[in-house]
Amino acid sequence: MEPSPKSKILMLGNDSAMAYLIERYAQQSSYGVTTMHIIPQAADVCVLKPAAILFTSVESLESAQFLITGLANCDIPVLVCSSIADEARARELGADYCLFHPLTYDGFFAALAAQAHQA
């Protein structure tokens, strides 16, 4: 399932190298990326209705717990870049899907496709 040209990913986190890689992969996949370094309010994210929220690290997901709690009724998948060793922690924190290091284009696209099929 190909995304529409207007599909957006909301990316949160301060890992600039990971953000750069995700932006490149998103462009190749016809997704747009909105990057925020400040954690928004859940109501604002629900209005934006991104295809997914992607955290650049488990630490950024951990610092956004008030956002994750507020998104419970918005049906927006939460993805996080993590190591395999951090997967259990990421899921405890509310991640629906983990993108494992090293992140590849195929892994990135597979995660978004899996989330689109679950929606």
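Phe 108 has a relative accessible area of 0% and so is buried (buried is under 20% relative accessible area, exposed over 50% and partly exposed in between, with a 1.4 Å probe and protein chains only). The model is a predicted one, in which local features need pLDDT of at least 70, side-chain atom pairs count only at pLDDT 80 or more, and totals for chains, interfaces and linings use all residues. Residues are numbered from 1 along each chain as its sequence is written, and side-chain values use heavy atoms, with hydrogens and water left out.

On to the rings. The structure holds 3 aromatic pairs (ring centres of Phe, Tyr or Trp, the last by its six-membered ring, within 6.5 Å; planes under 30 degrees apart are stacked, over 60 edge-to-face and the rest tilted). One of them joins Tyr 25 and Tyr 105, whose planes meet at 75° with the centres 5.7 Å apart, so this pair is edge-to-face. Because Tyr 25 sits in helix H1 (residues 16–28) and Tyr 105 in helix H6 (residues 105–118), the contact ties together parts 80 residues apart in sequence. Helices here are DSSP runs of H or I with at least four residues, numbered from the N terminus. Tyr 25 counts as buried at 13% relative accessibility, whereas Tyr 105, at 26%, counts as partly exposed.

Tyr 25 also pairs with Phe 108, this time tilted, at 5.9 Å centre to centre and 45° between the planes. That pair again links helix H1 to helix H6, with Tyr 25 and Phe 108 83 residues apart. Tyr 25, Tyr 105, Phe 108 and Phe 109 form one aromatic cluster.

Key: Helix = DSSP H or I, 4+ residues; strand = E, 2+ residues; numbered from the N terminus.
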